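Please look over the structure shown here with the following notes at hand. They concern how parts of one chain are placed against each other.

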Amino acid sequence: MPSQLPALNQWVDEVARRTRPAHVHWCDGSDAEHAALVARMEATGDLLPLSPDTHPRCHLHRSHPSDVARVEHLTYVCTRDPRDAGPNNHWMEPAEAHAMMDALFDGCMQGRTLYVIPYCMGPVDSPLARCGVEITDSPYVVANMRLMTRMGAAALARIERDGTFVRGLHSTGELDPNRRFIVHFPEELAIQSYGSCYGGNALLGKKCHALRIASWQARTEGWLAEHMLIVGIEDPRGEVTYVAAAFPSACGKTNLAMLIPPPAFREQGWKVWTIGDDICWMHPGPDGRLYAINPEAGFFGVAPGTGAKTNPNALAMLDRDAIFTNVGLTADNQPWWEGLDERIPAFDWQGRPYDRANGPAAHPNARFTVSARQCPSWSPKMDDPNGVPISAIVFGGRRESLVPLVMQARDWNHGVLLGAAMASETTAAATGAVGVVRRDPMAMKPFCGYNFGDYFSHWLSFGHRGLSLPKIFHVNWFRKGADGRFLWPGFGDNLRVLEWIVGRCRGSRGAVETPVGLLPRRADLDLSGLALPDAALDALLSVDPAGYHREYAAIGEYLDEFGDRVPGALRLEHRKAVALLEQAAAGSAPRAAVG
Ligand code: OXD
Ligand code: MN
């Protein structure tokens with residue numbers, strides 16, 4: 001038997017009986033296995049080799065044109081009681097979902113190879129890590145899982161020791177959007193995905209396991225599984241402060257995770273270390289602080305917009321051993337996307353000769369997959385089994401109006417309200433309209449595997465466990481002026497905001513109290529070397545009480561959707577926020593400096 005865990009062998013046998021593959025292959029994660037897989041995919045055209053001169057061992061994969069993003073409308077959480085999935089998830093009765101998925105999987109791997117991928121989310125020797133096994137018939141999925149997770153023999157050995165694992169079953173199916181479903185059974189720690197090979201739908205360790213199933217496990221076990229990047233910010237004295245930050249998909253998490261400080265800061269000795277760009281698991285440690293690991297081992301980033309100005313670290317890691325999905329091609333076989341440089345590509349993401357009339361050369365959600373170790377700002381702490389202690393949690397959204405550049409929550413409960421109240425304009429990372437404001441609490445709208453009301457209670461519960469909790473902040477890099485242009489330069493200059501956040505954590509930076517939280521005054525931010533018009537800064541650092549009053553009315557209505565599952569303490573925070581805004585509108589609100 002290929003594994004020493006009877007439950008795993010039985011499950012693989014069961015799946016093989018249903019799906020009827022021609023071969024079964026247990027992945028060991030070795031270089032030889034990878035080379036054989038790549039050779040096969042080059043032969044079938046699943047992977048196209050890119051220029052060996054400029055991009056050694058890099059490949060382009062062109063997906064089915066309908067299979068380019070997560071499909072939230074086809075993603076289900078199947079709990080016995082629909083209230084446990086909550087209004088934030090699509091729900092199906094588990095027996096009905098099993099019957100539907102069994103029918104889809106019936107005989108679906110005939111003539112194909114069934115790959116068994118044992119994987120570990122987090123360092124294999126970490127008590128904070130959790131394991132899973134993905135069965136798939138897609139060699140593209142195997143190659144991506146090898147970059148995105150610790151997969152193969154070491155993961156299998158841990159699974160055999162643990163005796164438990166999340167069961168993920170995936171098949172390419174016919175890639176027919178009408179026969180495409182991403183289904184989660186949190187009570188069974190199981191995932192089934194049919195009909196898509198897109199990362200978020202098919203690399204089951206990522207969104208399906210590390211967020212939807214893990215958020216459920218985290219709630220029962222007393223930790224947090226979040227849609228957050230993790231960075232270490234090193235100051236000129238060499239002290240590193242770790243920050244976790246939640247932003248909705250395609251709002252710049254990867255860029256922030258790999259930030260290069262502005263020149264003046266760099267010269268002083270500021271540096272940003274990358275721990276993770278998408279997912280963060282936080283557990284209370286023995287000293288009462290929250291310790292975070294990045295459960296992933298690679299980056300599955302949005303290519304368009306990645307350029308020398310926005311993310312030079314990403315460019316530096318993408319010139320070897322990377323998989324590009326749905327980007328364009330130059331005449332000399334280099335990957336190309338909008339925002340990379342001024343060259344004119346020869347082919348678009350569908351392989352057609354490039355013609356501006358057909359739209360962008362790269363699909364707006366074109367992706368790269370690459371090992372995290374290739375990133376110049378990679379931190380060796382990424383492999384620390386104990387994780388890193390988090391000092392600040394940052395929430396953020398894409399809001400062109402109203403929301404200031406940065407604010408700090410008054411305390412933990414207020415911070416949970418700021419997270420619960422998050423909203424953002426939608427992006428191309430999910431199928432559907434782009435640019436529509438939607439509520440996205442803690443950036444978990446598409447990823448929380450249970451009722452948001454219970455999720456808010458879980459977050460609040462950390463406030464009464466006697467822990468030394470991180471401070472909570474909210475940022476908005478996307479504020480626009482009347483002319484439609486961004487008011488804040490963003491990218492490397494976001495370090496100016498992070499530096500204030502670090503200063504607040506250490507008690508060395510001032511702020512002023514407003515009805516929506518603590519804001520920096522102009523003098524509290526280090527703006528040296530930045531030419532920003534006064535009016536832009538005023539807009540970025542001020543609060544519009546009337547506009548916020550309307551915003552909080554909308555937040556109240558949103559919370560109502562979760563009925564009696566919304567914790568009373570969150571309602572109370574919401575009432576406090578509304579009362580402060582009303583006082584401000586009546587001209588009696590405090591605006592006291594607090595440092
Ligand atoms: C992602 C996403 O791929 O959030 O990270 O969609
Ligand atoms: Mn994400």
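1. In this predicted model, the centres of domain 1 and domain 3, taken over C-alpha atoms, are separated by 34 Å. The protein chain is divided into domain 1 (6-47 + 67-222), domain 2 (299-374) and domain 3 (380-594). The points below concern domain 1 and domain 3.

2. On the side of domain 1, 29 residues are in contact with domain 3, and on the side of domain 3, 26 residues are in contact with domain 1.

3. About 2300 Å² of area is buried between domain 1 and domain 3, and carbon and sulfur atoms give 50% of this area. Within domain 1, the residues that lose the most area to domain 3 are Glu-72, Asn-88 and Arg-219. Together these residues account for 26% of what the side of domain 1 buries.

4. What is the count of salt bridges between domain 1 and domain 3? The count is four. Separately, a salt bridge is formed by Arg-150 and Asp-383, whose closest N and O atoms are 2.9 Å apart.

5. Polar contacts also link domain 1 and domain 3: the count is 16 residue pairs, with both residues at pLDDT 80 or more.

6. Helix 3 (82-85) and helix 8 (205-221) each supply at least two residues of the side of domain 1 that touches domain 3. Helix 8 provides the largest share of that side, with seven residues. By class, the side of domain 1 that touches domain 3 holds 13 nonpolar, seven polar and nine charged residues.

Methods: Residues numbered from 1 in each chain as written. Chains lettered and ligands numbered in written order. Predicted model: local features only at pLDDT ≥ 70, side-chain atom pairs only at ≥ 80, totals over all residues. Heavy atoms only, no water. Domains from an automatic or database assignment. Contact = heavy atoms within 4.5 Å. Buried area = accessible area lost by both parts, 1.4 Å probe. Salt bridge = Lys/Arg side-chain N within 4 Å of Asp/Glu carboxyl O. Polar contact = N/O pair within 3.5 Å; in protein donor to acceptor, adjacent residues only side chain to side chain. Helix = DSSP H or I, 4+ residues; strand = E, 2+ residues; numbered from the N terminus. Nonpolar A, V, L, I, M, F, W, Y, C, P; charged D, E, K, R; others polar.
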